[in-house]
Amino acid sequence: MQKDTFDGSRKDINAAIDRICEYTGTKVIFWDLREPFIDNLYKPNVTHSRLEAIVEPLDMVLNQLCDIIVEPLRDRIVTGLLQAALDGLLRVILDGGPSRVFFPSDAKLLEEDLEVLKEFFISGGDGLPRGVVENQVARVRHKIKLHSYETRELIEDLKSASGSEMQGGRSNLGADTNTLLRILCHRSDSEASHFLKKQFKIPRSAA
């Protein structure tokens, strides 16, 4: 009985630690670094605002965290920060608002920025294990790849995805309709604008 009680306590403590690590990462990215990361990354365009500018402030925050946490919790708190950073990047490229537009040619730059973020958290072997980081990064890598497709390809895939999802499947590009729609909303070309206005009654972006 006593053993069960302690096992339950350990489980609750671990869950609480996970929540704290998750909260800390979210606070850093979406509050402390909100202005350079969430608000201004890739404005006015990808070429003029790269993710490298975020590395120094992110490094400062990470060093501060590592100074105050005990060593056994270091990887958990850093993993929480990595997950929040990837969530922030997805927010920027999928929900960045009318002041952000992306073109197929931007995909290569976005992939380079994702690599910068990945290597930052691996830190030459001093950070998180490479496999852990690669697994986390994979969910963003696929969405960045979708930006590389031409507008016509995305439109055709969105049309096919609508039928596939009803049957429990996905599109030919392996994306869901919501993601494809968000990417098209951030395309500033007449083909995307015409399609969105006609099919979804979405007005042309202010960008």
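Lys 118 counts as buried because its relative accessibility is 5%, where buried denotes under 20% relative accessible area, exposed over 50% and partly exposed in between, with a 1.4 Å probe and protein chains only. The model is a predicted one, in which local features need pLDDT of at least 70 and side-chain atom pairs count only at pLDDT 80 or more, whereas totals for chains, interfaces and linings use all residues. Residues are numbered from 1 along each chain as its sequence is written, and side-chain values use heavy atoms, with hydrogens and water left out.

Lys 118 lies in helix α5 (residues 106–122), helices being DSSP runs of H or I of at least four residues, numbered from the N terminus. Apart from neighbours within four places in sequence, Lys 118 is in contact (heavy atoms within 4.5 Å) with Arg 130, Val 133, Glu 134, Val 137 and Arg 141.

When residues up to four places away in sequence are not counted, Ile 29 touches Arg 34, Phe 37, Ile 38, Leu 58, Leu 81, Ala 84, Ala 85 and Gly 88.

Technical notes:
Helix = DSSP H or I, 4+ residues; strand = E, 2+ residues; numbered from the N terminus.
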